[in-house]
Amino acid sequence: MSTPEKNTDAVYDATSLGAPKMMLLGLQHLFAMFGATVLVPAITGLNVSTTLFFAGLGTLLFHLITGRKVPAFLGSSFAFLGAYGLVTASGQNIPLTYSCFGVAVAGLVYLILAFFFKQFGARKVMRYFPPIVTGPIIICIGLSLAGSAIANSRSNWWVAATAIIIVIVCNVWGKGMVKIVPILLGVVGSYLMAMVIDPAARAHVAETVANARWFGLPVIWENTALSIFGKDFDSGMLITAVVTIAPISLATIVEHIGDMCAISSTVGKSYVADPGLHRTLTGDGLATAVAALFGAPANTTYGENTGVLALSKVYDPKVIRLAAWFAIILSFCPKFAALIVAMPVATMGGVSLVLYGMISAVGVRNVVENQVDFTKSRNVLIAAMIMGLAVGVTYNGSIVIPIGAVTISLSGLAVAALVGIALNAILPGKDYEFGVNELGDTSVNFGNSER
């Protein structure tokens, strides 16, 4: 990939702006990541305070590993939303703690890929994860989640519709920060709508917030993945969670690489070359693994904050680290977390409906902008098998594999990802080359597709 031209309009040393402006810039980045980051625990049932704490801590860890060079914020990943609703072959829900352990292992997959990137280079490694594999997988991630969004929206379609309309209007006609944070505005607007038209929702919010404390620790041992290793430990459930969730990392790794390319283009520095994808992947992977072990969602680099970089023209990573500290401070306020937890179900449904559809649309974009040739039989076969298995297995029950006393249950996405990667590796005619098409390389971002 060619080195981006340096942006001469940039202000690289934010310290020279003075403390007040630094604070405002940090708050702006906090505002940009906030709506999407807290929406993930609100949907999945994970702890909001824990999520904010490890979003901030993960960002600081990422900056440390990358030599404090990359102005990236790490927030909750949408790609793993389906991982927290897994069902075993017996029909019982897998506890969030087991799912979190699976997400932690997915974070460790980043480290393996980082090693390969360091040893063999991005172009050789990415030949095994081309858009014909990652695109259909991303499409199926969104489609597999859409049903839950509809179910939530049915509780009050007026509230859900309010969220949908606000997100669409802000995304299409919004300017400046309004265009960057449509999800947050959709949540706030729909939330207020529910408070006006639904007395029951209003009473629930008031009671939940009133009963919460002003100060509390953001990490609860019972919610951590480490707490599963007790007397009730279920090895089969753990293996099922790991095997099912880990392949999702293949899509988020591609998202990470696209974000690094996008940030490079925005700032005018090639972060793919320095500090290198092996370092950025390591930082992202470790941040995800640590967060998941302690009961927080997977982390990922945020396109929303890349939009803020382009808007403010201030690319100094110090500003991002300031936003990370703000997130950590906010995580110690359970009363604030209670406000998120009490969010009306229809609000989550409306925003999620747009979000899940956007995830699938990003998969389509990944295929289109990389100009995948569907006149080739190999590409048609790979896409057909991925989508057929992902949808078919999802709607007909997991594939159960008994191994001795342990039963492993594979979800549709897990089977589809494994088969897609294998087919791409085996079938002749691989033609994808990473770094040639910048538009295609930056086409995967689940949070904000605007560039």
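## Exercises on helix packing and burial

**Exercise 1.** What covers the buried residues of α13?

*Solution.* This is a predicted model. The cover of the buried residues of α13 includes α1 (19-44), α7 (177-180), α11 (249-267) and β2 (299-301). Helix α13 spans residues 303-312. Its buried residues are Gly 303, Glu 304, Asn 305, Thr 306, Val 308 and Leu 309. Finish at the end of the helix.

**Exercise 2.** Are α2 and α14 roughly parallel or antiparallel to each other?

*Solution.* Start with the geometry. Helix α2 covers residues 48-65, and helix α14 covers residues 317-330. They pack at an angle of about 150°, and their axes are 7 Å apart. Apply the cut-off: angles over 145 degrees count as roughly antiparallel. Therefore α2 and α14 are roughly antiparallel to each other. Their crossing is left-handed.

Next, list the contact residues. From α2 come Leu 52, Phe 53, Gly 56, Leu 57, Thr 59, Leu 60 and His 63. From α14 come Pro 317, Ile 320, Arg 321, Ala 324, Trp 325, Ala 327, Ile 328 and Leu 330. Sort them by class: 11 are nonpolar, three polar and one charged.

**Exercise 3.** Which residues in the largest nonpolar core touch the most other members?

*Solution.* The core has 134 residues. Phe 78, Phe 80, Phe 117 and Phe 446 touch the most other members. Take Phe 117 and set aside its neighbours within four places in sequence. Phe 117 then contacts Ala 122, Val 125, Met 126, Ile 257, Leu 277, His 278 and Leu 281.

Key
Residues are numbered from 1 along each chain as its sequence is written. This is a predicted model: local features need pLDDT of at least 70, side-chain atom pairs count only at pLDDT 80 or more; totals for chains, interfaces and linings use all residues. Side-chain values use heavy atoms; hydrogens and water are left out. Axes are lines fitted to C-alpha atoms, for helices over the stretch in contact, and angles run from 0 to 180 degrees between N-to-C directions. Helices (H or I, at least four residues) and strands (E, at least two) are DSSP runs, numbered from the N terminus. Angles under 35 degrees count as roughly parallel, over 145 as roughly antiparallel, 65 to 115 as roughly perpendicular and the rest as oblique. A crossing is left-handed if the near helix is turned anticlockwise from the far one by less than a right angle, and right-handed if clockwise. Contact means heavy atoms within 4.5 Å. Ala, Val, Leu, Ile, Met, Phe, Trp, Tyr, Cys and Pro count as nonpolar, Asp, Glu, Lys and Arg as charged, and the others, Gly among them, as polar. A nonpolar core is a set of buried Ala, Val, Leu, Ile, Met, Phe, Trp, Tyr and Cys residues joined through side-chain atoms within 4.5 Å. Buried means under 20% relative accessible area, exposed over 50%, partly exposed in between (1.4 Å probe, protein chains only).
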